Amino acid sequence: MLSMRGLSVLLALVILVPGVNAAWGSFHSDERNTGFQSGSDYKVFEDVWWNLKVDPATQIESSPVHANGIVVVGGWDKIIRALDAASGTERWTATLGAKIVGTPAISGGRLFVVDSAGTLNAYDLQKGTVLGTTAVGATLANLKIHEGKLFIGNEAGEMKAYDTETLTLLWKFSVASVADGTTTSGSGSSATTACGTAIPAGQIRGSPAIYGGLVIFGSMNHWVYAINEQGQPGQTTLPQWIFKTNDIVVGSPMVDSTNGRVIVGSYDEKVYALPVSPSGKGPVYAPATTVCTAFKNTPTWTYTVPSTIGQSKVHSSPATDGINVYFGANNGRVYA
């Protein structure tokens, strides 16, 4: 058997699967991005069942997903590969128009894959037959599915929701559509309230977390957003709360449902725990008919990665087993 270092040099794809019947259908496993698989007794790193060597020029940046005995992974070579989970045998492949960076998602026997140019394809998981396609805008983000809706962020700073059966756009939300608060001029009965400074656009690179009717995600404009999952007429939706970090948010937020918190890291060397449903959440109107911004959330706690160790930016996505929070920092250390 090749060493792990040898596999890395050869850019081989190595799969350590908890069990051929255990599903891991999207980035970090579930709609809350917990990164946790319950009911598995597989001892990780005890053995490598199989490995598949790909072209040495190919990078595998997206995470593998797994359901119904099939492991799926995309590469920079534009190819999506469906592999037998037990043996690594290639079941089918498909070539998209651009490299695949975002992690695919599986739901209801369907596989959803998006390439970096923004072409979203739906496939029959078992056969590889194309079931539908649509354009979502250039993206490097991961897909997430919840209750018949597919969510994807893009490089333009838009979060979009699609129907998984038809790939019809249900709603979209732009991070630049929200202002950083409101401003009031005048006093007394002549006072008027207007929208504050518009928040700039920023790429959405992570996977949204879905919980409690909210779609929660971070942006490279330094902000974290929670928006209404169901949307409203006109293919739009409303912001419910926002939170500003001091640097870009690249990773995916994670929902700790036990404590009702969203855990998210930032390049500002901090990890934040935010209430999922803070008192007072909802859109802020100014004037009464115009949505300006949303309730500004406040952390329940904040952890600062020790900067004396080195560069401590948090690029990774936190995970939880329901007791502890786990994350990696750019200083080469993992924290619990």
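Visitor: Why is His 222 called partly exposed?

Guide: The relative accessibility of His 222 is 25%. Buried means under 20% relative accessible area, exposed over 50%, and partly exposed lies in between (1.4 Å probe, protein chains only). His 222 therefore counts as partly exposed. This is a predicted model: local features need pLDDT of at least 70, side-chain atom pairs count only at pLDDT 80 or more, and totals for chains, interfaces and linings use all residues. Residues are numbered from 1 along each chain as its sequence is written, and side-chain values use heavy atoms, with hydrogens and water left out.

Visitor: Why does Asn 68 count as exposed?

Guide: Its relative accessibility is 54%, so Asn 68 counts as exposed. Asn 68 sits in the loop between strand E3 (65-67) and strand E4 (70-74). Strands (E, at least two residues) are DSSP runs, numbered from the N terminus.

Visitor: What makes a set of residues a nonpolar core?

Guide: The members are buried Ala, Val, Leu, Ile, Met, Phe, Trp, Tyr and Cys residues, joined through side-chain atoms within 4.5 Å. The largest such core has 17 residues, including Met 159, Trp 171 and Phe 217. Strand E19 (223-228) is one of the strands that each supply at least two residues. E19 gives the most, with three.

Visitor: Which peptide bond is cis?

Guide: The bond joining Ala 286 and Pro 287 is cis, with omega about -5°.

Conventions
Helix = DSSP H or I, 4+ residues; strand = E, 2+ residues; numbered from the N terminus.
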